[in-house]
Amino acid sequence: MSRRDLALVLFVAVTAAEGLAHGLTHNTTDAWTTGLLALVVFSALSWMARQGRPIPLWAVVVVMLVTATRHLVAGAIILTADPALAGPATESTAAGLIRLAAGAALIWAGLTVFVGRHRRDDHG
């Protein structure tokens, strides 16, 4: 498995984990449907990007970097929140660290896919 393939698998895995967490947190039909739809769409985009198709490849890179930014900002906010102002529904330090790790992993994945953008896999 190449680094680019690993990056695309990581992107789909983070999307699946995010959809699962969102569904479990909100526990509504809309939350579960949105998570499942994101998983299907991002899996299809990743598959097309793996084949070297330019538009899905660029879309995947942009979505990875935007999602990474969202995770990094949320993680930083969670970790720097004032405990005195925190209410009972605030997220834990572990959640902040997980978000930072997901953001860093997606930055790596986006850059890896971007660097390997000229390689085409016909068997994908």
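This is a predicted model: local features need pLDDT of at least 70, side-chain atom pairs count only at pLDDT 80 or more; totals for chains, interfaces and linings use all residues.
Residues are numbered from 1 along each chain as its sequence is written, and side-chain values use heavy atoms, with hydrogens and water left out.

**The largest pocket**

Begin by selecting Ala17, Glu18, Ala21, His71 and Arg99, which lie nearest the centre of the largest pocket among its 14 lining residues. On a 1 Å grid over the protein atoms alone, a pocket is an open set of points where a 1.4 Å probe fits, with protein on both sides within 12 Å along at least five of seven lines, and lining residues have an atom within 4 Å of a point. The volume of this pocket is about 380 Å³, a volume being the space filled by probe spheres set on the points, which are joined across faces, edges and corners.

Next colour α1 (3-26), α3 (54-80) and α4 (93-115), each of which supplies at least two residues of this lining; helices here are DSSP runs (H or I, at least four residues), numbered from the N terminus. With seven residues, α1 gives the most. By class the lining has six nonpolar, four polar and four charged residues, where Ala, Val, Leu, Ile, Met, Phe, Trp, Tyr, Cys and Pro count as nonpolar, Asp, Glu, Lys and Arg as charged, and the others, Gly among them, as polar.

**His71**

Stay with His71, which is found in helix α3. The residue counts as buried because its relative accessibility is 6%, buried meaning under 20% relative accessible area, exposed over 50% and partly exposed in between (1.4 Å probe, protein chains only). Leaving aside residues up to four places away in sequence, His71 touches Val14, Glu18, Arg99, Leu100, Ala102, Gly103 and Leu106, a contact being heavy atoms within 4.5 Å.

**The second largest pocket**

Now select Thr15, Glu18, Gly19, Ala38 and Arg70, which lie nearest the centre of the second largest pocket, itself lined by 14 residues. Its volume is about 180 Å³. Here α1, α2 (29-50) and α3 each supply at least two lining residues, and the largest share, six residues, comes from α1.

**The aromatic pairs**

Two aromatic pairs are counted, taking rings of Phe, Tyr and Trp (its six-membered ring) whose centres lie within 6.5 Å, with planes under 30 degrees apart stacked, over 60 edge-to-face and the rest tilted. Show Phe11 and Phe42, a tilted pair at 5.2 Å centre to centre with 35° between the planes. This pair links helix α1 with helix α2, across 31 residues, and Phe11 is buried at 2% relative accessibility.

Then show Trp58 and Phe114, an edge-to-face pair at 5.4 Å centre to centre with 70° between the planes. Trp58 lies in helix α3 and Phe114 in helix α4, so the pair ties together parts that are 56 residues apart in sequence. Both partners count as partly exposed, Trp58 at 42% relative accessibility and Phe114 at 29%.

**The nonpolar core**

Finish with Leu8, Val60, Met64, Leu106 and Val113, which touch the most other members of the 14-residue largest nonpolar core. Such a core is a set of buried Ala, Val, Leu, Ile, Met, Phe, Trp, Tyr and Cys residues joined through side-chain atoms within 4.5 Å. The elements giving two or more residues to it are α1, α2, α3 and α4, and α3 gives the most, with five.
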